[in-house]
Amino acid sequence: MCAITCAGRGAPQAVRHSADLLGLGDAPPIAGRLTSYLVRQLYDFKTGARDGMRAVLMKPVVARLTPAQMTDIAAYVAALPRAEADRH
């Protein structure tokens, strides 16, 4: 089971995105996404470029992440298997 806590900062993302990071409710699947896409999303949440309800949830999770930590997390998540529906 994957419980990414963003280097110990914030709530485990498995709570929001499901244990396998394939999405849960309105939280999108993130497993298997491109590393560059995931880093950009984390960066945009951190800088405030993304706003809205999901951004409010993500901002404390990414607030103290360094670019290197964002890249490490994104590389790990990108290596996970994608949802079957996302493969088409």
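Buried, in what follows, means under 20% relative accessible area, exposed means over 50%, and partly exposed is in between, with a 1.4 Å probe and protein chains only. By that cut-off, 33% of the 88 residues in the protein chain are buried.

Some ground rules. This is a predicted model, in which local features need pLDDT of at least 70 and side-chain atom pairs count only at pLDDT 80 or more, while totals for chains, interfaces and linings use all residues. Residues are numbered from 1 along each chain as its sequence is written, and side-chain values use heavy atoms, with hydrogens and water left out.

The protein chain has four helices and zero strands, so the order from the N terminus is α-α-α-α; helices here are DSSP runs (H or I, at least four residues), strands likewise (E, at least two), numbered from the N terminus.

Now the helix pair. How do α2 and α3 cross? The axes of helix α2, residues 35-47, and helix α3, residues 53-62, come within 8 Å and cross at roughly 95 degrees. Axes are lines fitted to C-alpha atoms, for helices over the stretch in contact, and angles run from 0 to 180 degrees between N-to-C directions. The two helices are therefore roughly perpendicular to each other, a term for angles of 65 to 115 degrees. On the α2 side, the contact (heavy atoms within 4.5 Å) is made by Leu42, Phe45, Lys46 and Thr47; on the α3 side, by Arg54, Ala55, Met58, Lys59 and Val62.

Val62 also brings us to the core. A nonpolar core is a set of buried Ala, Val, Leu, Ile, Met, Phe, Trp, Tyr and Cys residues joined through side-chain atoms within 4.5 Å. The largest one has 15 residues, of which Leu21, Val62 and Val77 touch the most other members. Two or more residues come from each of α2, α3 and α4 (67-79), and α4 gives the most, with four. Leaving aside residues up to four places away in sequence, Val62 touches Leu42, Phe45 and Lys46.

Two single residues. Asp44 sits in helix α2 and counts as buried, at 11% relative accessibility. With residues up to four places away in sequence not counted, Asp44 touches Ala49 and Arg50. Ala75 and Leu34 are 41 residues apart in sequence and 8.1 Å apart in space, C-alpha to C-alpha.

Technical notes
Angles under 35 degrees count as roughly parallel, over 145 as roughly antiparallel, 65 to 115 as roughly perpendicular and the rest as oblique.
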